[in-house]
Amino acid sequence: MKVILTRLTDRQSDHQPKRSICSLALMLVFMTTACEKEKQIQAPPPPVVQVTEVQQRNVPVYQEWVGSLDGMVNAQILAQISGYLIKQHYQEGQRVKKGQLLYEIDPRVFQAALDGARSNLARQEALLKTARLDMDRVQRLLPEKAVSVRDRDNAVGREASVLAEVMAARSAVDSAQLQLGFTKITSPIDGIAGLSKTQLGNLVGPGSSNAVLTTVSQVDPIKAFIPLSEQQYLEFVRERQNGGESKQDRPLELILADGSTYPHPGKFFFADRQVDVRTGTIQAAILFPNPGSFLRPGQYARVRAIVKNREGALLVPQRAIIDMQGRKLVAVVNADNTVAIRPVVTAENVDTLIVVEQGLQVGERVIVEGIQKARAGAKVDPKPYADVSAASGS
């Protein structure tokens, strides 16, 4: 800098104005100062992370199963005779009573068959009456030797033969009446009738594509089918055999598809006769009261039950857990705001929290948001995790 000023002073002899020389000097000083500031490297501030303290409280431990709802009874309404469907007497999706008329098949063919069977029965009964009169006459004349024993035997045989024809004719009448009755299709149970699977005018009956007309389901109570693993099934059975409180006797909750809890608790109903060899599970049925038919067959069902209570459990948000190649890790913020990566042993989930069995102490701060910014041994700027109070209260 001194060299530059000396040169500028020497140039005054060249009739340069002093004001220009001073301005140039000041400009050089400012440029030099700016260059020196740019050379100074400022350390970046520590990254901002959101932390929460490890909580300790008593929590219920739930076990959940995913299944589906089904009616207590699902009665398929079938056409037992072949004919053309002419009437539908129920409204789809509405409740029906046992014996209520649902469909009607064209009865004319079956009415004609019944009339013919009755006519044949009347004819056979007339023949039977004649045969009995003949036999009575033979029986009266036989002591007087007016007829032979063979005549009596023939008369007895004719009466028996005609009597058999009468019985066959009566059976044909009963069958024709039954067939005519099948033209009126009624509900076998109280329940909710489903969609009609055929249309008026269609040919229905056994062997046709329209054999099943609809389904009526009894839905109060309603069943929830869930899969139990072999271990869970064995645990349930042993508890019941030992006389203790079985999980089968504990109230069961139903979580609906929108996340709400069904207000009526359920109870264990039965387990299937065998384990599915493909999945290693056994189907179990849970019964839930269903007043007003709020629940319907086929709905998604998530059934849960309290299996135990953990005393003094340590809890952190599930978002704080780092899963790295099968290891569970958490980022702990020390008192000096430095980060320590620590392995932990976790257990059950409790809403949005998770139980930590080993690796943490009560009151320690763990990073929930911004874990990707944290490095072991580096400093961070911890801020409170905004959603921790909502998660712990859920």
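**Entry 1**

I began with Gln 325, which counts as exposed at 82% relative accessibility. For accessibility I used these classes: buried is under 20% relative accessible area, exposed is over 50%, and partly exposed is in between, with a 1.4 Å probe and protein chains only. The model is a predicted one, in which local features need pLDDT of at least 70 and side-chain atom pairs count only at pLDDT 80 or more, while totals for chains, interfaces and linings use all residues. Residues are numbered from 1 along each chain as its sequence is written, and side-chain values use heavy atoms, with hydrogens and water left out.

Gln 325 has a positive phi of about 55° although it is not a glycine. I located Gln 325 in the loop between β14 (322–324) and β15 (327–333). Strands here are DSSP runs (E, at least two residues), numbered from the N terminus.

I then looked up Asn 337, another non-glycine residue with a positive phi, of about 65°. Asn 337 sits in the loop between β15 and β16 (339–343). At 25% relative accessibility, Asn 337 counts as partly exposed.

I also checked omega and noted a cis peptide bond from Asp 220 to Pro 221, with omega near 0°. Pro 221 belongs to strand β9 (residues 212–229). As background, most residues other than glycine have a negative phi, and most peptide bonds are trans.

**Entry 2: aromatic pairs**

I searched the whole structure for aromatic pairs and got five. The criterion was ring centres within 6.5 Å for Phe, Tyr and Trp (its six-membered ring); planes under 30 degrees apart count as stacked, over 60 as edge-to-face and the rest as tilted.

How are the rings of Tyr 262 and Phe 294 arranged? Their centres are 6.3 Å apart and their planes are at 10°, so I logged the pair as stacked. Tyr 262 is in the loop between β10 (253–255) and β11 (267–271), and Phe 294 is in the loop between β12 (281–288) and β13 (300–317), so the pair ties together parts that are 32 residues apart in sequence. I looked up the accessibility of both partners: Tyr 262 is buried, with a relative accessible area of 6%, whereas Phe 294 is exposed, at 53%.

I next took Phe 269 and Phe 270, whose ring centres are 5.1 Å apart with planes at 70°, so this pair is edge-to-face. Phe 269 is partly exposed at 37%, and Phe 270 is partly exposed at 31%. Together with Phe 225, Phe 269 and Phe 270 form one aromatic cluster.

**Entry 3: a sheet and a surface patch**

I traced an open sheet of four strands, with the order β6-β5-β3-β8 and antiparallel pairing. Two strands were taken as paired if DSSP finds at least two bridges between them. The edge strands are β6 (184–186) and β8, each of which pairs on one side only.

Which strand does β3 (residues 83–88) join through two bridges? That strand is β8, and the two run antiparallel. Strand β8 covers residues 203–204 and contains Leu 203. I found Tyr 84 opposite Leu 203 in β8.

Tyr 84, Ile 86 and Leu 203 make a nonpolar surface patch of about 280 Å². Patch residues have over 30% relative accessible area and no salt bridge; like charges are joined within 9 Å, and nonpolar side chains (Val, Leu, Ile, Met, Phe, Trp, Tyr) within 5 Å. A salt bridge is a side-chain nitrogen of Lys or Arg within 4 Å of a carboxyl oxygen of Asp or Glu. Areas come from the Shrake-Rupley method with a 1.4 Å probe, and for residues only the protein chains shown count as cover. Leu 203 is partly exposed, with a relative accessible area of 43%.
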